[in-house]
Amino acid sequence: MRTLQLRAMLLGFDAVTRTRAWQGDPLARVVSAKPGTDPYPLYEQARRQGPLSRSKLGLHVTASHRVGDAILRDPRFGVDTRAALMDMKVLLRDAEGRRPIHPVDDSFIALDPPRHTRLRRAVAPWFTPRAMRELTPTVEKVVTEFLDEFDGRAEAELVHEFAARIPIRIICEMFGIAAVDYPRFTRWGAILGPTLDGVRSVAELRRVRETLVDVEAFFADLVDRRRRHPGDDLVSGVIEAHAGATGWAREDLLATVELLMLAGYETTLNLIGNAALVLLTDDRARARLLADPDIAPNLVEEVLRWDSSVQYTVRAATEPATVEGVDLAQGAMVVVLLGGANRDPEVFPDPATLDPDRPNARDHLSFSSGIHYCVGAGLARLEAATAVRLLFRRFPDLRLSGPVRRLPSRNIRGAIRLPVRLRG
Ligand code: HEM
């Protein structure tokens with residue numbers, strides 16, 4: 001797309017959402033809110049419009065747990081939602097119509113069955129409960145190693161020095177690649193993560209395109225090397241599945257590997273950061289964890305519910321459907337406010353309160369629901385629970401030592417800076 005055309009499109013999108021937001025449309029308010037601000041009052045507004053309401057942006061929206069869960073599980077709804085808010089595949093094209101692979105829009109997270117089923121099956125065995133049990137000692141070792149680096153220091157910055165390093169290091173271990181690539185991956189994650197809720201300028205789009213070209217070159221090279229010298233790593237496993245399958249293109253293989261790297265990084269680093277922030281600011285939660293470290297897994301579920309790293313997703317009706325008495329034409333799109341569903345009082349009593357012992361904390365929709373339920377949920381849970389358990393065991397007096405900076409994103413909730421004093 002040409003620069004002028006792009007600029008006009010981005011400005012047009014911005015103007016429409018702002019106008020609708022000003023007119024009081026709840027979904028427009030969500031998508032035009034200042035990135036990083038508290039979205040929960042906006043979800044309450046959406047909920048007050050009913051379990052499923054039509055937005056002036058032309059989409060439907062739900063903050064109801066029951067309706068969101070039902071739509072995510074409903075085979076009449078698919079993930080072909082290109083026109084939903086912004087079509088990155090179109091935006092990323094250069095003047096000749098070429099574009100790099102997009103790890104989200106080109107991978108199986110954006111495909112319906114039967115292609116989705118086949119591609120997902122190739123990676124699922126690497127994330128089973130058994131695989132996670134086998135990985136547990138590695139995660140503990142990696143987290144302990146990072147904590148050892150804090151020994152003798154008075155202060156640290158928890159996002160870059162701790163939370164971000166864990167998911168990258170573990171996925172590097174699973175891919176069988178050197179951790180020296182860490183700075184490159186954090187840079188890629190920092191550029192691509194915030195664009196999950198769209199791009200705001202031509203300059204940002206240019207940066208995203210350049211980054212995706214680098215990402216593709218890196219993974220194309222990795223895949224070629226693994227083809228020549230297969231190992232017992234996840235990339236070799238996906239290549240093997242690819243070789244045995246019909247109808248897979250090279251792009252499918254690359255998009256799958258890129259998705260695993262990027263989907264697992266930005267989300268999990270923010271989960272670890274959000275959990276640490278809760279423990280740094282909520283004395284009751286911290287006291288519970290220090291008294292009983294075994295509550296770490298439930299505490300992580302509650303953090304996922306209370307302030308999910310991923311706040312919304314979109315589905316489109318693949319055939320006419322009536323939901324909650326609302327008639328949806330084929331192609332009609334529904335924004336499922338996962339963060340809103342997680343605070344639905346019909347499912348979670350006193351939803352705005354973080355309760356480390358909440359019995360049904362795990363019923364949140366932060367990992368989605370239905371056939372696209374997060375493949376890496378077990379890994380994210382393992383990494384986050386291990387991180388907070390070992391962090392507070394080593395530094396029980398950990399305190400914030402400066403202002404917290406939030407990620408400038410609407411769909412991804414997290415911190416980009418958590419300065420701490422390590423000892424009392
Ligand atoms: C806190 C951490 C994480 C959160 C909140 C999260 C959230 C999500 C959500 C909401 C979806 C589904 C989106 C939809 O239904 O439209 C999803 C799918 C997916 N996630 Fe995660 N994720 C996390 C960690 C991970 C990790 C660690 C990995 C792998 C290394 C991963 C890999 C994937 C993949 C491959 C899919 C696509 C599943 C499919 O389409 O069948 N995620 N994730």
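Let's start with what Gly331 touches: leaving aside its neighbours within four places in sequence, Gly331 is in contact with Ala316 and Ala317, where contact means heavy atoms within 4.5 Å. Gly331 sits in the loop between strand 7 and strand 8 (333-337). When I say helix or strand, I mean DSSP runs numbered from the N terminus: helices are H or I with at least four residues, and strands are E with at least two.

The cut-offs here are under 20% relative accessible area for buried, over 50% for exposed, and partly exposed in between, with a 1.4 Å probe and protein chains only. And if you look across to Glu258, that residue and Gly331 are 73 residues apart in sequence and 28 Å apart in space, C-alpha to C-alpha.

Before I go on, a word on what you're looking at. This is a predicted model, so local features need pLDDT of at least 70 and side-chain atom pairs count only at pLDDT 80 or more, while totals for chains, interfaces and linings use all residues. Residues are numbered from 1 along each chain as its sequence is written, and side-chain values use heavy atoms, with hydrogens and water left out.

Okay, next stop, Ala321. You'll find Ala321 in strand 6, and it is buried, with a relative accessible area of 5%. Which residues does Ala321 contact, leaving aside its neighbours within four places in sequence? They are Arg76, Phe77, Val326, Asp327 and Leu328. Then there's Asp80: Ala321 and Asp80 are 241 residues apart in sequence, and 16 Å apart in space, C-alpha to C-alpha.

Glu324 is in the loop between strand 6 (321-323) and strand 7 (326-328). Glu324 isn't a glycine, and still it has a positive phi of about 55 degrees. Glu324 is partly exposed, with a relative accessible area of 38%. Ser368 also isn't a glycine, and its phi is positive at about 70 degrees. Buried or exposed, what is Ser368? Buried, with a relative accessible area of 11%. Ser368 lies in the loop between helix 16 and helix 17.

That loop, between helix 16 (338-341) and helix 17 (377-394), is also the place of Cys374. So what does Cys374 do here, in terms of geometry? Its SG is the only protein donor of the iron atom of the ligand, at 2.3 Å. Donors are N, O and S atoms within 2.8 Å of the metal (3.2 Å for Na, K and Ca), and water is not among the atoms, so sites may look incomplete.

One more backbone spot: the peptide bond from Pro113 to Pro114 is cis, with omega near 5 degrees. Pro114 is in the loop between helix 5 (88-91) and helix 6 (115-123).

Let's look at a helix too. Helix 9 (residues 165-175) is mostly covered, with 10 of its 11 residues buried. Among them are Ile166, Ile170, Cys172 and Phe175. Just after helix 9, Gly176 takes a positive phi of about 70 degrees.

Finally, zoom out to the whole chain. How many helices and strands are there? The chain has 17 helices and 12 strands. Its radius of gyration is 21 Å, close to the 22 Å that the globule rule gives for 424 residues, so the chain is as compact as a globular protein of that length. That radius is taken over C-alpha atoms, and the rule is 2.2 Å times the number of residues to the power 0.38. The C-alpha trace spans about 60 × 55 × 40 Å along its principal axes. Of the 424 residues, 55% count as buried. And among contacts between residues at least 6 apart in sequence, 72% join residues at least 24 apart.
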